Each structure stands twice: as structure tokens, then as C-alpha cells.
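I opened the notebook with a few places to look up. The entries follow in the order I took them.

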Amino acid sequence: MAAVRTDSERTEKGWEPKLIAFVCNWCTYAGADAAGTRRMLYSPCVRIIRFPCTGRIDPHFIVRAFEQGADGVLVSGCHPGDCHYVSGNLLARRRFAIFKALMDFLGLEPERLSFSWVSATEAGKWVEVVNSRVEALRKLGPARVPWGTLSGPPPSLNGRSVAPMPQEPLSQVKPDDYQAVESQLRQLAEGLLATGQVKAVLGYGKGSLQQATPIVITNATEANQLIFNEHCVQNLTVYLTSPSFRSLRPLGVVVKACDSKSLVGLLQEDQVKREDFRAIAVSCPGVKVNGRWADKCLSCDQRIGPIADHIVGSSEPKSTAGADPRDWEIQTIEKWAPAERWNFWMNQFSRCIRCYACRAVCPLCYCQPCIADKNRPQWIPTSPHLKGNVSWNLFRALHLAGRCIGCDECTRVCPVGIRLDLINRRLSLEVAKRFGYEPGKDPSVPPPLATYRPNDPGEFIL
Amino acid sequence: MARIGVFVCHCGENIARTVRVKELAQKAAQIPGVVHSEDYIYMCSEPGQKKVRDAIQQKKLTGVVVAACSPQLHELTFRKACQEAGLNPYLCEMANIREQCSWVHTDREKATQKAYEHLRYIVEKVRRNRPLRPIPVPITPRVLVIGGGIAGIQAALDIADGGVPVTLVERQPSIGGNMARLSETFPTLDCAQCILTPKMVSVRQHPNIELLTYSEVEDVKGFVGNFQVTIKKKPRYVDEDLCTGCGDCAPACPSAVPNEFDRNLSWRKAIYIPFPQAVPPVYTLDPQACLNGPKLFPLACERCYQACGPKAINFNDRPKIIERKVGAIIVATGYELLNADYVKELGYGLYPDVMDGLEFERLLSASGPTGGEVVRPSDHKVPKTVVFIQCVGSRNPANGVPYCSRICCMYTAKHALLYKHKVPEGKAFIFYMDIRAGGKGYEEFIQRVMEQERITYIRGAVSKVYGLNGKLMVQGVDTLSGQRLEVAADLVVLATAMVGANSSDLVQKLRLAVDRYGFGQEAHPKLRPVETLSAGIFLAGVAQAPKDIPDTVAQASAAAGKALALVAQKTLEREPTVASVNEFTCVGCFECQKVCPYGAIERKEIRDRAGNLLKVVSTVNTGVCNGCGACVVACRNKSMDLAGFSEEQIFASLAAVTV
Amino acid sequence: MKIWTLQKKRVGDWMAALRAAGKEVLAPCEADGLLRFRPIDDPSAIAVRPGPCPFPFKEWLFPPHQVLFSYQFEGGKVNLREEEVLVNDQVGLFLRPCDAAAIKILDTVFLSDPPDGFYQLRRSHLTIVTLGCRQAVPSCFCPAVGLSPTSLEGSDLFLWEEDDRFLVYGVSEKGDRLVQVSPDLFEPGEGPEPDQLPSPLPFMERKEPLTNVGQKLQGLFESDLWQEVGRTCLGCGICAYLCPTCHCFDIVDESDAYSGIRCRNWDCCAFPLFTLHASGHNPRPDQPSRYRQRVLHKFAYFLQTFQQNMCVGCGRCSLFCPVGMDIYQIVLQLTGRCLV
């Protein structure tokens, strides 16, 4: 990871921007060759790496280029509709849109990351794109300072205590609202186990230190151990992909409305079979984290989620849903200048200790091994230094784009309090805005990054 | 241990003038893994290539990097040289220091530094290249043609003439398709049946063609060169070998239903032949129309059986499943006319005297329901005023299809001309938006129709057709004069839009990409119009896009040519830069399968020795994979990788160009 | 043992004096909601809450990421450069007795022959000033493992908070020297023996002894109970990383073709890949077996090897576990003494 040229060496010898260009073989590479054939001059600050298709270009490469000291990255390929492999560039357009939204949100200066469509005949465009990118980088200066270093204390989100969204909508909730659900749940579980419809029920039980912990009951007589109250925060669907639960199928799993959305993702991605579980949907008025209503509950308008084999309690939609306070926080961050935003996020990521609790609680982080475990090559450094932490948190967010249903478990469990919920939500909003897609609704719909529309927005592409 | 040879080309002065080539060669020698480094004035020349070959043999090189022009120019040249010297050609790459360096920069320092970093990246890449062999795929020397219209017929004949056996599958009882319905064809006014039937007969008689009519493709498995096709032959209830086509059964049959071949303008019996020149010339019993009911048993009526001399009728007939192995498939499923809701405003479906183009063809046809006389379906009177309306549904994104159906201008002109020939005192009006007459002789035909045949062309659209006192009032506008007008017509013919006749079942089975109008997606709109993205499956005729008969025949021959080229080889050699799955780490999310444009990813079960299912993982069909790498990016934990552009290669390249 | 008193309002002066003497003061402070030991200048930044500081002190002796050496390839040769660790004298201020005892455990591991150079260097520069616990929190169970809110194990100085002052016990010479940095701030004082101080020990509920469970737990190695207790474990690293005594690490190389570093990073036995062999075989293939490892290491193996309990009863693992796995309850359950 250490660069041969030290930072001071680079500035001493007169800094020149370094632009890494990832190009597709059939269009842009040929276009660059055409510029050569026509002897059109452009800046030598660019380094071209050839790929069969922009569809082969992974955001990992872009992040790695920056980590290695590149000042800017350009990705260029065929115009939509002309891809030699049909759809590579159309898939890439979606992926890069989300990646760019993420990098903008994190505060990377927008001019450092560019995308373009340059065809084999557009030698002139290639020259113009390279020259304009290099000039923009020259103005911005070297990227070494922002990437991987802290530069001072971060701007604050005014602390969590000054939430713009009062918790009034949920102040009507009473303990009784849970009692009824709890007793009905116990009855139902007893019945399911007694009749052998499920081999076990995975639900919440009273914890010794924490108010609620996951418990597994295998006998109808144990049904009274099940509880349901405002402390039942965990998303139990995470256990559906655990090898230790395979022998308990069919498994009855207690799900709140938010948890149920995870089931959609697990079905979409073939991680569970529909017949291997029974979704016991409990009517949830809301849950609390650290004594306060969870942010996600403030805007929740459903009591029961999309997948429910048994419904316990009322399934009437809630009339009290308000706005999500994270949206205000996201807007606040987006008002800051890129350097401030970057500073904020670098400070956040510098706290990460790579405990991977965020990954462990997430129902959709089921890859075994995970990309973070891969070492040939090692895209994500395992060390908890800032470069490694940025890489880890960035890629986890990217892997969840279009899949995360916002259960916020990752944020709850993070021992150092990183605002993962803001990043996940920001990308969720981007996917909804650009592709009109919301995860956690319909298991038969293809995930947004595995598909495309011929007229997907590409306003960020040169 | 890597033993890379680096060869830096001067290209005369083209590179050497800007890049310090000797210095480059010397620096390259320092790169870890490089054991040979030299520069030379023209690497692509014979002495240059000899240097490569000699170094491979003398220094036992495991990889070669030629720093010279663009690989798009000479990669094959140097790979061949390597192969001749005994080095796997995929262990040779080029560093582009001409088109992308010496030709576009002027600063010698910077250009040399850039060339060095680029060279270093290619060295890192080559160090991690694996020797690859082209993937041989055996080919079954037989072709399946789906669809027995003119396109399918032509393709089948061409392939059969090429010595390759063909299985031609047609779902109707006879081949001939829509062309068999036509009266005369533009611009020559050939009789359609006259030019078609000889080809149909050739198909029947050709020793290399297996003709399966009244059959449908049930399933297609496999991949290019190795398709396994399941065909269901529907029961005719008539033995094709015994039936002589004498026709004694039909008059005996008491049940009559509308005749689809005549577009429901006439009747046929339950036992019928679609048209006299049908191939095969045998009768078919339609159980839906039979008095015995769809199940036929218990038999109440046996009149056809009793009337049949050769005793060809067999009520016990059953569907037959026929399995065939083929190397290539041609989809020639043709078209239908789209008569959707929008034609209701024009009276279609409300008035029997409002009809579409194919229905009018049947009226014109000598073997049609009226023996070629143009009469109104409602009262059998001869229409004295006929209005033809073009662009009904075509070129209409809001209320129809956005594209032009290409043949309507020509056939409408033909219709008007034929009408005038049959009813000289009649009046013909054509409402048009534009006239598209791009083919050979087409413009001349239109001019003849306009000027000599005294047919009135009105530039404008029609908003409504309604009945009034036995006439059809056609309300339209003449944009050239700016006037609204109404024509009192006896008969109205609508040139409705063509859409592809691909059934969604077939599309799914072939994994064919089809647009929402039913037309198959060609691999490249200009350069690969008969291939599809599924290797080994080709398109011919209107199944691909609206077109006329000459273009259909041309495209059918083109598809045949492609299919012949494919199956003429014993094995197919495919580029080995394909994807592969690490089954140990794959978690079976199948994101890769969702993004692959070629359908090259399949599911594979992993079981333990006791047969218990452990997990289902992805696997790549290397016969179909084109090496784009979209699956690698889609794979979240990188269980997928791509030979030639592997994760490790790119990782190493990134260091090489930034450090 | 010498005893002094230090006025609370003079703590800032003492810190200034320590800094002037070239010592860095590490104390618990809050940064954006996170409580962690950090070098501080301003006494008002100190944030002490009942119970142990969530993030353990061990990161100052055994950092999450430690570069061991770096290398570069240049001109066909390899330049190897050992990592230099520059450490000031440090004072760990306001550790809890469990934290101090934990450091003693880490010493056992890292200072035994041959000593870990990095740890040794940092340890020799560190003086530990412990603050006894006037209040326990529900997760605490130090009495169960043979410690107490007033334990002196591992401390150099022991502080006990009274209304406006601290009682200061000089436990070691190192601690005494710290007082001598600014002697006029410290009044000689009197006080009871630390175990006589009004500690919350009598009111603590989690006191069932866990000190001699090693053999019993080992005897349960093949039991199905581990499936029951361990299957809800998600395999994250929170328990090990927040544990003041956990010290497993991974050696990794991070490099490209031209240069690299070899480093030592925190690792956790709950991670699925922790015991993965190069052959592909994993002797702890499922989460229950990995959880069993954690419990046995803490309460059996370490005891066997080093005759000390490896758990100091701080309760952090149980409090921060995403699914509320309480190691105290679980060990009780395993050894047949369920209290819930």
C-alpha cells in the first residue's frame, strides 16, 4: 500500500495530476487509437487501462486507484445501445450512477471522478475529455490529502439530541398495544409447534442484561418464553442463512414489518426457499433503541410487512407516520462543501475497528466468505487504518445499494457509532429516484443493478 | 517464476522520436520478472518477429510484451509469432506506446515516463496471464428452421442445398405462411402462389429436408452447436402417408367453421386442407370443429372416415414427441397484423366491409373465397368506391406501434391497382401520410399507380369511419389543400401494422431477446442483422423486423449462410477469455445469471457423497460466454473471475500505473 | 502503602504538571457520542460514567493496527525497514479495577519470554491510575471472577472518590513517582484498607463464582448445549474487540508489486475464517464451536496455562453484544446453575 514516491517527492519535483482512465476495448480504446492516428495532441497525465467492456469495470478499481495515489479517475465506454456485449455499458451506467452518488455524498470532489461515452469515431471527444479532466484536476490539486488522512475536527450534525422530528407520532403507543400481540403470539407459537407445522420458532425472549434477545423454542410448552414489546429490536431474519439453523426447517420466524422486508431480499437472491420458513408477522407499534423510538419507526406506516404467513394483531396501516429524521441530516450534510463532507466521513470511518458487527447483523450480508475476506487480490485492506476502513464501509454500502431495506440494525450495533444509516439511506433514495425501485416489496422483480432501461438517466456522463 | 521478454519497437521514428526507446528497454530490464529486454526498429517486420521467436526459445520465456503500436493492429501478429515458437499465444500482450503515447504527446520526459508505466502495467498483466486454449465445442451438423413461411422455406432450401440436413417445423398444417395468402406481389405483380408453390414443393421433395408441419417446438436445451430440441407433432387424425389429397372427405363432413386461411371470409369443414396447393397435400381434422367434440370419442359421426377411399383417417391419433439434435437454429416465425382497439374508430369489427390488408388479399386472390372477384362481404355487391387507409397503427407511438411497417405503401398501391383492374369503373382513394417506396422498381410502381391507374392519393389521416345508409363514411383531411373531407365508400381497407408472430413460449424457450412488438433482437443492427445474442440462433424474415419479400428472401439466405458456416466446421473454436466460478466461495445469489446478456450462466447443484444437497452455485457455459465480465462485477464476493482480465491482473495493473 | 488526598479541583493542575514532565495523559472522553481513552489536555473533557469505559484501554498497549515492518522493491533489491514506535511516557487515568487487572493479564501474554517488543516498549512507559467503583452497573460481574470494585490488581495508583476529593493509594513505586511529579498537590491522608472502602460489592447481584469452572466446561466439550447457547452468535468481533483481555491478532501483508507493509491487526475467534486452514479445512466450522472456543479460552484454557482467569468481569461483551448474549449467564447455564 505504500507508494514508492513519497508525498513530498511528488510536490518537490513539480506536481502533475495523474488521471487513470478505465476504457472499454471496442469504443473508447479504439477512439484513443484514432486520436493517435490523427496525431491529435493531449495531456500525458493520463494512464489508460483497457477492459473488454465498461461492464467489467468495478468500483473496486476506482477506489484502489485513488488509494494508490491517483488524483482522478475517468471511466469511458461505448454509447448506450452500442455495447459490443449488448448491455455492459447499460449495467455500468446504473452502477456508476450509484457509485458517483455515494462518492459525492462522502465528499470526494466531483471533478475527480468522471464518466464519458466516447465511441471509436470520436477521437476529438477523447482528446477534449482527457484535457478537460486533467485541467480540472490541476485546479483541485493532489488527491493525497483527502484520501486516507484526517484534516481537523469534523463538522457536527448538531448531535442526536436535537432531532428535527419530534417523537409525537409514537407517543400514543401504550404497553397494552404489545400485550395483546404477545399473548396471541404465544398461542400461535404453541399451536404451530404442537401441530408440527414448524420445527422451531425463532422469536424474542427476555434477556438478562438486554431487554430482548433472540430465542429458539422447539417445544409447544416453551411458548411462554416468547415476548413482544418495544425492546424487540433485532432483525431475526439474519438467522435464516445461518448453517446452525438449517436443521430447524421449517422455521417459524417472528418478524416485524421492517424485518419482513428482508425476507423479500432473501427470496429474490435465492438464499432461502419459501417453504423453509413461516413468517410470523407481529403487528408492531414501534421499537426503541437506547430509550428513544428508533428513527425508522417514526416514518413507518405499516404494521405488517410484505411477507406474512401468520398475522398476529392488527394489520391496519398506521395513520401516524411522519418524516424520517435522517432525511434532514442527509440534507444538512449535502449542504456542506465537499471538503467538509469528506472530513466528516473520514472522522466517522477513522473510528471503525473492523469488528464487522454491521455485516454480522445484516440479513443480506450472507456471503461466506465476504469480499473483505478476499486476499487474492485484497481489494479491501483488513487493517483498521483509515484507508482500509474507508474501503470497507464504502463497499458495504455499495453492495447494499438497492437491497438495504433500512432496518438500521447495522447502525444500532456499531460499537463506535458510525452513521451507517445515513449512507444506506442516501443510496436508497438515489436508487428510488433514478430507477423507481424500492427493495423489500416484490420478490419476483429483478434487483435494480442487475437490470437496466434503455433510457436510464445518465446526466452525469460526459 | 516469471520469465518475461520485453521488446520495445522504434517503429522507425514514429515512437523513437518521442519516447526514449533505448532507455525504456533498459528500465524494463529492471522490472521484476523480466529476463530479456531489447529494442528494435521495426518489431512487426520479419526480423523483428524472429527476435521474439529466438528469445522465447533461447531464454525459455514464459511471457512476451511487445511495446509498440496498438494491440488492435498487431496483437494477432505477435501472438502467431509466439505460437510458432512454442509459447501459448495468450501469454503475449502489447503495450500501446504509439497511438496512445508517442503520437499524442510531445514532451519526451513525460512521454517516456508514461510509456514506462504503461509497459510496466502490461508486464504485470502478462505475469498473471494463464496459457489458454480456444474452447472447442463439437457441432451437430443439422439445422432447425422454425417457421415455414417464405423465409423459413428459403433458408431450409439453401441449407439443404449446402448438404446439411434441415428440420423445418411449421405450426400450421401447411407451409407457405402469409405469402400463400397473397394474390399478386409488388412491384412485378407476380402471382404469389405461382412463385411460392415451386419452392414449397422443393422443400417437400428435398432429401435433406425433414418437414414437420402441424408441429411446434416444445423445448430447446443446450447451446450453440449442441441444441437438443423437443418438437410436438400435433395429431392430424389423418395419416400423412395414406392421404392422397383427393378431397372426398370434406364434402361428407357436416360441420363448417370460418376458414382462417381466408381470414374468416369463407367457411371450411372440420376436415380440411388450408388451400389447394398446401404442402404437404394432406387433409387435417380439426377436433375443435368436429361434431364429435374435441375429445372425438365416443364417436357419433364417422362420415369422413367412411368417405375416405385410402382409409387414411385415424381417430386414435395422438401427439408425437420428436427429439432432434441440431447445431444451429433459424427463427423465421413471420408476422401478424395488429388489429387492436385503435381500429375500432375506423369501423373494423363493426362493419364487415372494413377489412385489413390480408383480408383484401383474399378477396383479390383467384383461389380466395370470391374466386378473385372484389365484392363486399356484407351484401356481395361489387364496391364502386374503395377507400384505402395507410399507416393504421404504424408510426403511432401513442396508439399503436412507433415504427413504420415498411410494406403498406407498396401493397396499398398494389391493392388499388388490382382493384381498378378488376373494377375499371370503380374509384379508389388512398389516404396516406408519406409514400415509402425504396426498393427496386418501387418508385416506378407508385408513379404508375398514381398517374396511369388514376387512383386518387390524399395526403391526410382518417379520424373516423362510420356507417350511413349502407355506405361507409370515411372522415379525413387533405393536408395539402387544408380541407376536411368525407368519402362515401363501399369498402374500406386498412393497412394495419405488422408485429412479430413470436409466441412468448417460444421466446422463453430459446431465451430469445424479443422486443415488445414481437420482433427478435439482432446482435448488431448494422453489422450482424441475422445473428442474435444467443450464439447459434439466427433470425430471418419479418421475425426480425418488417420487410418485403425480396429482403426476406435475402435475409433468409444470409441466415442460411451463417448457419452453414457454423455447422460446416466439425468443432467450433471459441475465444477462451471466459468467466469461471469458484464453487467453493459462491453463495448462489445468481446476480451473475441476471446480468449475463448471453444466458451463459447456469445453476449447478453441489452435493456431498451421500447425495445431500449442500448448495446451488453458478457455473459458466464456456461455449456461450463471450467474456464481457459483467458477471464478475455483479458478483459481490468475487467468486467469479474472467480469464485475460482477472481480478489479480487488474489489481497489479493499478499499482503499475500509479506508483 | 502510602495514602494521600487530592482535591478534585486540583486534578487539572496535576495533569498540567504531568504534561510539563513530558507525560501524556490518557483519560476517558467523549467524542461525538463515543467514550474512549484519548490523550487529553483539558480536564473538562474527561467523561467518567459509572461502570467501565465502553472502549477498553488495551488499544494503547496493543493497538488495533501495528505495522511491523515495511519493504520496497527498488532496482532489483528489497529495502526492509523496521517500524519504529515512538512512545511518550503515558499516564492511564481513571481506568477501572477491571481494566487494571486486565492489563496484568495482557502482561502475562505479551511480556512472557520472549517479550513482544512493541508491547514492552509501551508498557514500560505506562503508569496506571485506577479509579475505584462507587457504583456498579447491571452488567458488572467482577466479583464472580475473583475481583472487586476496589481491587488493586495491576494498578500503580488507586483513587477513591469522595465528595470533593480523591483518596490516593500508592500501590507501586511507579505510582508513588507520579505523585512526586507535583507533590504539593497531594496532602498526606488517611483511609481504610481498600477492601474496607464502602464499595457496592454487597449490592452486586452477579457474584456466582466462575473461577473454578474450567474443568467442568472442558468436560462439556462434545455437549449439544453449545448448539443451544451458541447458535444465536452472529460471529462479529464486538466481544473480543471490546474485551480488555482479548489479544488475538492476525499478521497480514498489504502490498502491491512494488512495496508493502507487514502488520499485526486485531482478530477475533468468532470470525468464521479465524481457524480456516490453507487446505480449506476449518476445525471450528460453525458458530457454536467458535462460541465454545471463546468461553473455554476465557474460563478454562487460560487458567490452565497461566493460572489466572482471563475474564475480569467488566461485562462489556454482554452489554454490547448485538443479540444480548450474556457470558455470565451462559457459563452459569452450562455449569448447571441457571439463575434466570
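Predicted model: local features only at pLDDT ≥ 70, side-chain atom pairs only at ≥ 80, totals over all residues.

**Entry 1: a helix in chain B**

Next I asked how many residues of helix α10 of chain B are buried.

I then looked for what covers them.

**Entry 2: a glycine in a chain B loop**

I moved to B:Gly400, which lies in the loop between β21 and α11 of chain B. Is it buried, partly exposed or exposed? B:Gly400 has 26% relative accessibility, so it counts as partly exposed.

I listed its contacts, leaving out residues up to four places away in sequence: B:Gly400 touches B:Tyr342 and B:Gly393. I also took one distance. The C-alpha atoms of B:Gly400 and B:Thr479 are separated by 22 Å, and the two residues are 79 apart along the chain.

**Entry 3: domains of chain B**

I wrote down the division of chain B. Domain 1 is 4–132, and domain 2 is 143–233 + 323–334 + 501–571. Domain 3 covers 336–499 and domain 4 covers 579–643. I found the C-alpha centres of domain 3 of chain B and domain 4 of chain B 55 Å apart.

**Entry 4: two domains of chain A**

Chain A is divided into domain 1 (15–140), domain 2 (170–312) and domain 3 (325–450). I looked at domains 2 and 3 of chain A, whose C-alpha centres are separated by 25 Å. Here 22 residues of domain 2 are in contact with 24 residues of domain 3. The area buried between them is about 1,800 Å², with 59% from carbon and sulfur atoms.

I counted 2 salt bridges between these domains. A:Glu269 and A:Arg403 meet in a salt bridge at 2.8 Å, N to O. The polar contacts come to 6 residue pairs.

Which helix gives the largest share of the domain 2 side? α7(A) does, with 8 residues. That side divides into 10 nonpolar, 8 polar and 4 charged residues.

**Entry 5: chain C against chain A**

I finished with the two chains. 47 residues of chain C are in contact with 40 residues of chain A. They bury about 3,400 Å², of which carbon and sulfur atoms give 60%. In chain C, C:Arg231, C:Leu234 and C:Glu254 lose the most area to chain A, together 18% of what that side buries.

I looked for salt bridges between chain C and chain A and the count is 0. Polar contacts join 10 residue pairs. Elements of chain C that each supply at least two residues to this side include β4 (65–74), β12 (259–266) and α8 (287–306). The chain C side divides into 23 nonpolar, 14 polar and 10 charged residues.

Methods: Residues numbered from 1 in each chain as written. Chains lettered and ligands numbered in written order. Heavy atoms only, no water. Domains from an automatic or database assignment. Contact = heavy atoms within 4.5 Å. Buried area = accessible area lost by both parts, 1.4 Å probe. Salt bridge = Lys/Arg side-chain N within 4 Å of Asp/Glu carboxyl O. Polar contact = N/O pair within 3.5 Å; in protein donor to acceptor, adjacent residues only side chain to side chain. Helix = DSSP H or I, 4+ residues; strand = E, 2+ residues; numbered from the N terminus. Nonpolar A, V, L, I, M, F, W, Y, C, P; charged D, E, K, R; others polar. Buried < 20%, exposed > 50% of the residue type's maximum accessible area, 1.4 Å probe, protein only.
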